[in-house]
Amino acid sequence: MASSKLSCTMGQKKQRALEAKRHQNPSDGTQMPSPKELHLGPPATLGPTRSIYFSSPEGRPARLGSAFFDQPAVSLARAFLGQQILVRRLDDSTELRGRIVETEAYLGPEDEAAHSRGGRQTPRNRGMFMKPGTLYVYLIYGMYFCMNVSSRGDGACVLLRALEPLGGLEAMRQLRHALRKGAAGRALKDRELCNGPSKLCQALAIDRSFDQRDLARDESVWLEQGPPEPSEPAVVAAARVGIGQAGEWAQKPLRFYIRGSPWVSVVDRAAERDTQTGARACSHKDF
DNA sequence: TAGCCGATCCCCT
DNA sequence: GGGGATCGGCTAA
């Protein structure tokens with residue numbers, strides 16, 4: 001991404017604000033599809049060859065099939081970033097779309113921070129043990145939902161933490177607004193719509209009724225391959241958020257996000273420095 | 001802008 | 001009965 005170069009000379013917050021503005025108001029000549037264009041059908045640019053991951057013979061050529069999800073959690077968490085677009089079709093056929101920019105990997109029984117630690121399998125976390133691509137949606141703090149996608153490996157999954165909203169932003173804003181405490185408050189900025197695991201669930205109207213659904217087959221929620229980026233996004237590997245009790249597992253760099261993205265929920269400058277100097281190098285060898 | 005803290009209730013032990 | 005993969009309002013610097 002061109003923005004990674006900018007980050008050397010510009011403060012990150014400023015850069016993020018500029019990026020957000022550019023996405024909303026492209027003035028650099030780059031053609032950004034309008035939300036309406038994004039709303040309609042699959043992306044126009046699918047590339048010359050069809051990946052084996054693509055399924056659905058009729059209609060939705062860009063939808064990702066079961067094979068895509070059948071990879072280890074770390075690998076899947078990284079594969080989600082940048083080019084995968086989460087689509088949610090509401091009952092009135094409105095389609096909400098967002099590009100995945102931040103994920104966390106939970107590795108299964110050995111991972112002290114995972115709900116499946118020690119091999120625990122309960123009615124709540126059953127989705128973690130189901131076939132790759134199964135959703136695990138649970139209630140947290142009595143008020144919010146979090147959305148995971150199971151990966152290869154028993155009890156392993158990927159938490160979706162943030163999206164870059166691409167289509168249906170007004171519907172997202174309404175959904176978020178309706179669920180906030182001070183519902184009479186100010187309108188949410190675009191970057192506040194999906195920059196957190198529960199925020200994105202609110203914005204996409206994802207609740208527990210989505211638990212254990214198959215992301216490769218469901219009619220209301222699926223994943224699409226987005227238009228190709230000019231270059232691979234720079235990915236930062238950082239410690240996961242909100243798992244202070246998990247000992248050494250709390251420190252492992254199992255959270256992944258796109259460097260410089262204004263849509264990410266939590267920025268970790270130390271991890272970004274490590275990644276830049278190669279000290280952490282975003283390598284799977286860490287695990 | 002960063003840090004603190006209350007809200008809220010299900011799930012697990 | 002206690003804790004939690006969060007969020008947002010408030011306050012201080």
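What follows is a dialogue on how the terms apply here.

Modeller: This is a predicted model, so local features need pLDDT of at least 70, side-chain atom pairs count only at pLDDT 80 or more, and totals for chains, interfaces and linings use all residues. Residues are numbered from 1 along each chain as written, chains are lettered from A and ligands numbered from 1 in written order, and side-chain values use heavy atoms, without hydrogens and water.

Biologist: Why is Trp 222 called buried?

Modeller: Its relative accessible area is 1%. Buried means under 20%, exposed over 50%, and partly exposed in between, with a 1.4 Å probe and protein chains only. Trp 222 is therefore buried.

Biologist: Where is Trp 222 placed?

Modeller: In strand E6, residues 221–225. Strands (E, at least two residues) and helices (H or I, at least four) are DSSP runs numbered from the N terminus.

Biologist: What makes the link between the side chains of Trp 222 and Glu 224 a polar contact?

Modeller: The distance is 2.9 Å. A polar contact is a pair of N or O atoms within 3.5 Å; within protein, one must be able to donate a hydrogen and the other to accept it, and residues adjacent in sequence count only if both atoms are side-chain atoms. The side chains of Trp 222 and Glu 224 make such a contact.

Biologist: How do you know that E1 and E2 pair?

Modeller: Two strands pair if DSSP finds at least two bridges between them. E1 (residues 84–89) and E2 have 5, and they run antiparallel. Arg 88 stands opposite Leu 96 in E2.

Biologist: Which other strands pair with E2?

Modeller: E5 (residues 157–167) is joined to E2 by 9 bridges, antiparallel. Tyr 106 stands opposite Cys 157 there. E8 (residues 255–258) pairs with E2 over 3 bridges, also antiparallel. Its Tyr 257 is the bridge partner of Glu 102.

Biologist: Why is the pair of Phe 68 and Phe 69 called edge-to-face?

Modeller: Rings of Phe, Tyr and Trp (its six-membered ring) pair if their centres lie within 6.5 Å; planes under 30 degrees apart are stacked, over 60 edge-to-face, and the rest tilted. The whole structure has 4 aromatic pairs. For Phe 68 and Phe 69, the centres are 5.3 Å apart and the planes at 80°, so the pair is edge-to-face. Phe 68 is buried at 3%, and Phe 69 at 0%. With Phe 80 they form one aromatic cluster.

Biologist: What makes the charged end of Arg 213 sit over the ring of Phe 210?

Modeller: The test asks for NZ of Lys or CZ of Arg within 6 Å of the ring centre and within 35 degrees of the ring normal. Arg 213 is 4.0 Å from the centre of the Phe 210 ring and sits over it. Lys 252 sits over the ring of Trp 249, at 4.9 Å.

Biologist: Which residues are closest to DNA strand C?

Modeller: Near means that a heavy atom of the residue lies within 4 Å. 23 residues surround DNA strand C, and the closest are Tyr 144, Asn 148, Arg 176, Lys 199 and Gly 242.
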